[in-house]
Amino acid sequence: MTTKGFLRLGTALMLALVATGPALARDGGPMRPDFSQIDADGDGLITAAELDSHGAARFAALDADGDGALSADELAAMTQRIQADSAVRMIARFDADGDRKLSQAEMPGPDRTRMMARMDINEDGVLDAGEFASAGRHGGPRGHGGADGARHGDRMPSK
């Protein structure tokens with residue numbers, strides 16, 4: 001791969017990491033740089049060259065051994081930093097009693113009403129094993145659409 005291609009790959013990797021979750025994007029996240037960090041010449045505009053340069057610098061910072069590639073250990077270290085920063089922000093946001101810990105009562109939970117509405121296919125107010133099994137990780141119908149064309153989060157028709 002050429003240096004330019006490598007820099008573009010690094011930039012793409014960094015930009016992908018910035019968008020690795022709504023929480024990171026919403027809260028700024030540890031991987032999201034300040035505008036001024038990318039706008040190297042301070043003209044209020046970010047050019048492709050500035051993106052490339054910033055991406056290369058961030059990639060180099062992650063590449064602890066300087067071999068031009070990110071090993072599993074280097075990626076794991078980055079992930080640990082992201083998780084630690086996310087945990088600190090989560091505690092700051094939800095710690096109602098100020099003890100710098102989250103009790104079960106302080107932990108944010110899923111919207112159970114919406115989750116039940118998505119999962120309770122026959123609308124009888126309870127989940128049977130079939131409805132539970134057909135729900136995806138996020139409490140809705142699996143996949144992007146069933147035989148009836150329903151999308152994730154759409155109400156399934158009663159039978």
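Mentor: Begin with a charged residue. This is a predicted model. In it, Asp63 is buried yet has no salt bridge.

Trainee: Which side chain of opposite charge is nearest to Asp63, and how far away is it?

Mentor: That is Arg81, at 11 Å. A salt bridge needs the nitrogen and the carboxyl oxygen within 4 Å.

Trainee: Where is Asp63 found?

Mentor: Asp63 sits in the loop between α4 and α5.

Trainee: What is Asp63 in contact with, leaving aside neighbours within four places in sequence?

Mentor: Its contacts are Gly68, Ala69, Leu70 and Glu74. Leu70 also belongs to the largest nonpolar core.

Trainee: Which residues make up that largest nonpolar core?

Mentor: There are 5 residues: Phe59, Leu62, Leu70, Met78 and Ile82.

Trainee: How many residues does α4 have, and what span does it reach?

Mentor: α4 has 15 residues. From first C-alpha to last it reaches 21 Å, close to the 21 Å expected at 1.5 Å a residue.

Trainee: What percentage of the chain counts as buried?

Mentor: Of its 159 residues, 23% are buried. The chain exposes about 10900 Å², and carbon and sulfur atoms supply 58% of that area.

Trainee: What share of contacts comes from residues 24 or more positions apart?

Mentor: They account for 31% of the contacts with a separation of 6 or more.

Trainee: How should I read backbone angles?

Mentor: Most residues other than glycine have a negative phi. Look for exceptions. Arg100 has a positive phi of about 60°. Glu123 has a positive phi too, of about 55°.

Trainee: Where do Arg100 and Glu123 lie?

Mentor: Arg100 is in the loop between α5 and α6 (112-119). Glu123 is in the loop between α6 and α7 (129-134).

Trainee: Is Arg100 buried or exposed?

Mentor: Arg100 is exposed, at 70% relative accessible area. Glu123 counts as partly exposed, at 47%.

Conventions. Residues numbered from 1 in each chain as written. Predicted model: local features only at pLDDT ≥ 70, side-chain atom pairs only at ≥ 80, totals over all residues. Heavy atoms only, no water. Core = buried A, V, L, I, M, F, W, Y, C linked by side-chain atoms within 4.5 Å. Buried < 20%, exposed > 50% of the residue type's maximum accessible area, 1.4 Å probe, protein only. Contact = heavy atoms within 4.5 Å. Areas by Shrake-Rupley, 256 points an atom, 1.4 Å probe, with all protein chains shown as cover. Helix = DSSP H or I, 4+ residues; strand = E, 2+ residues; numbered from the N terminus. Expected span 1.5 Å × (residues − 1). Lys, Arg positive; Asp, Glu negative; His and termini not counted.
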